[in-house]
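Good morning, and thank you for coming. I would ask you to look first at the sequence and the structure, and then to follow me through a few selected regions.

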Amino acid sequence: MRFLTTDPAAESSNILYKRCTIDLRTVEQRMEETPCRNLEDVLGGFGRSFQDLARRQINNAYCDENPLIVNTGLLTGSSAMTGMRTYFSGYSPIKGSKAGLPAAMWSTGSGKFGAKFKWTGLDELIFENRSEQPVYVVIKETDAGPQVELKPAERLLGLSTHDKIMALQKDYPDAHFAAIGQAGENWQNNFMGAVALSTENQLKEKEDKCRFAGRGGMGSLMGYKNILALVAQSSDKLKPLSEAVKKVNLNVVKGGGSARIQPISRGGGGGTWAAYDVLQEFHAVPVNNFRPQGNAIPEKLFRENVEKEYDIKSQACYRCGITCHNNISEKNADGSKGEFLAKFDYEPLNLLGTNIGIHDAGQAARLIQLSDNYGMDAISLGATISYALSYNERHPQKTFLNGATFGDYEKIHELIIQAGEGKLPEIGQGSMRLSQSLNETCYAYHVKGLEIPAYQPETNPGYAWAIAGGHMSMGTYGLLTREGKSDLDSWVKGITEDKLHIVGFDMIGLCKFFDIAKGIGTQMVVDCLKSEFDLDVSIDNIRAAVRRSFLRGLALELRQGYTKAEFCLPAEVFENPNQNIKLPNITSPEFIEKLEKRVWEIFEPELEGLLNA
Amino acid sequence: MMKINVKLVGMFRIGRFNEKRLEYPSDARVFDIVEDLQLPKDVLGIILINGLHAGEQDSLKDGDALSLLPMLDGG
Ligand code: SF4
């Protein structure tokens, strides 16, 4: 980016970002410096991409006019801790309205690809149309600025995410990679393809320790465009750490913001996996398709039980002191580390473990590994499989697919392979389409067509207003459980004010663990922007830009045909309330009706004009 | 003195206990127990007294069940 001002809010057009647009059909490309339209453009990520998506009326995700936008955030590649994020945006194959229109979506992941991409000198890469032949794309730093090249990729076809990255690493040893798996290649039948992003640990240890931009099928959109991988080739360009950023980073690591995510060995909570223990206290760990049973079954996947048999190692992305990854390996007879299996983050572990009746850590790890290798979103995959298992449990005389039921490891394993290979559109196209085809929609756990993460909907009516998945774009998932808030005022305030700010992290290039409670409208971010780019921006201006971006997402949903009735939780929550969850009931029809009314009263007037910016 | 049933969750159990009946002065508040058990404050996320959300300043009475949970942050 080029900064010709120090005031990004008032003079955003004096900040220019480097964008390359490639027409995959003609192979023509346009490299340009583009002036920012507003502070959202400066911050980047979905704050910028959604403005571009809003300019296009797309009726089908798999059409030439639907772009795939790859970009970074302002602090990606900076010395601010967690500044590793890459964003993939486009109209989603999986998330869509009942009117049949695709929703705009973004997905993001860490790893080192984002920083390398930024260090090539490019800020955004837009893919138009689709390539006739499979290609991979090399983005490289040169003396003349960033260069982008398409290369034939036949040899990568059919390889897993990890194997594609390993194959490319041989040719580009100094690069980092973003790759789809077989799921994305089979985009016709798999709408939940993810993009894997390489990590330093993966490239050094040759183990499949990618991070994923999983949500919304951006890997399937990439597959549709016939792009199998991206290669970002540049030298590392970290600035020397300034005193100001050093202070911020220390605060992130030691100041409490990320303490609960840090490894247990450092006195932290032990990554997102720790959510198991906490939620179980309320019998709110999803079990067998989001129906907690009020028993101790989730405890089998508690860390204290898993570590007896498996080796657990905390690792981090490049330079990150938060170290949130829990990597699980076999334990050899002598207690040493054996074969690497998978990483245990809360969402994949639950949705490919307890929530499908798998309570053995080794089995759950194998399923997570399979999902990662085929390059599927573990949340959408797990929640669609749990729907299918629930259907079979309800129809023992008339099961479908391979008749798998909860806990049937072998059959579930088979379903994942078939879905990953594009042979099982029933699973690959997600729970909304599957439940509609079976005419039993009430226990399909998606909201607006996107499967929910591993927080019971009974604890989070805020899901209805999440614009890109319930744990990425609406931070209300802990409002009842963590904060004990069960009154209407707190929920209205949570949804319409505080908790929507979580999306700021999907603009600026940082992980949400940087400061999950406060978002990016903080002095820490202000200090980083001043130190890294000499920008003067106020907390209020940042918060306003985040809010506008969130609301633009809502406005886009409405434009893509969502009715207000679709902003709702899965029907089973109301039709068959779960009495086992030990928390106040905040999903009674009366509560929800009042909540909807008050939330829309606040949001609706603000949506005006947002899509015309 | 009063007896409190203290339940620890997650990493708080390491080197401590899962559940124990402990005795404290009758004016003890939650934070006294948190101090006494040397729980890391920045990891402490949820306090329940008899199953209901409570705060560090809340007082306790004989026979109360106190659960101390780490912060919840998934993703
Ligand atoms: S918080 Fe976790 S995912 Fe984010 S950069 Fe650090 S180690 Fe990577």
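How many nonpolar, polar and charged residues does the shell around the ligand have? By class, there are seven nonpolar, four polar and one charged. For this count, Ala, Val, Leu, Ile, Met, Phe, Trp, Tyr, Cys and Pro are nonpolar, Asp, Glu, Lys and Arg are charged, and the others, Gly among them, are polar.

Before I continue, a word on the basis of these values. This is a predicted model, in which local features need pLDDT of at least 70 and side-chain atom pairs count only at pLDDT 80 or more, while totals for chains, interfaces and linings use all residues. Residues are numbered from 1 along each chain as its sequence is written, chains are lettered from A and ligands numbered from 1 in the order in which they are written, and side-chain values use heavy atoms, with hydrogens and water left out.

Let me return to the ligand. Among the residues around the ligand are Thr82(A), Ser110(A), Arg211(A), Cys317(A), His325(A) and Phe513(A); a residue is near if one of its heavy atoms lies within 4 Å. Domain 1 (2–233) and domain 2 (243–612) of chain A each supply at least three residues of this shell, the domain bounds coming from an automatic or database domain assignment.

I turn now to the sheets. Helices (H or I, at least four residues) and strands (E, at least two) are DSSP runs, numbered from the N terminus. Two strands pair if DSSP finds at least two bridges between them.

In chain A, six strands form an open sheet with mixed pairing, in the order S9-S8-S13-S10-S11-S12. Its edge strands are S9 (145–152) and S12 (211–213) of chain A, each pairing on one side only. On average, neighbouring strands of this sheet are turned by 20° against each other, direction ignored. Helix H4 (residues 161–171) of chain A packs on the sheet, and its direction makes about 150° with that of S10(A). Such axes are lines fitted to C-alpha atoms, for helices over the stretch in contact, and angles run from 0 to 180 degrees between N-to-C directions. Strand S8 (residues 135–142) of chain A runs antiparallel to S9(A), with eight bridges joining them. One bridge pairs Val138(A) with Glu149(A) in S9(A).

A second open sheet has three strands of chain A in the order S14-S15-S16, with antiparallel pairing. Strands S14 (310–315) and S16 (337–343) of chain A each have a single partner strand, so one side of each is left without a neighbour in the sheet. Here the twist averages 35° from one strand to the next. Helix H12 (residues 361–374) of chain A packs on this sheet, touching S14, S15 and S16 of chain A.

Ser386(A) belongs to helix H13 (residues 378–394) of chain A. With a relative accessible area of 0%, Ser386(A) is buried. Leaving aside neighbours within four places in sequence, Ser386(A) is in contact with Asn289(A), Phe290(A), Asn355(A), Ile356(A) and Phe406(A).

Terms used: Contact means heavy atoms within 4.5 Å. Buried means under 20% relative accessible area, exposed over 50%, partly exposed in between (1.4 Å probe, protein chains only).
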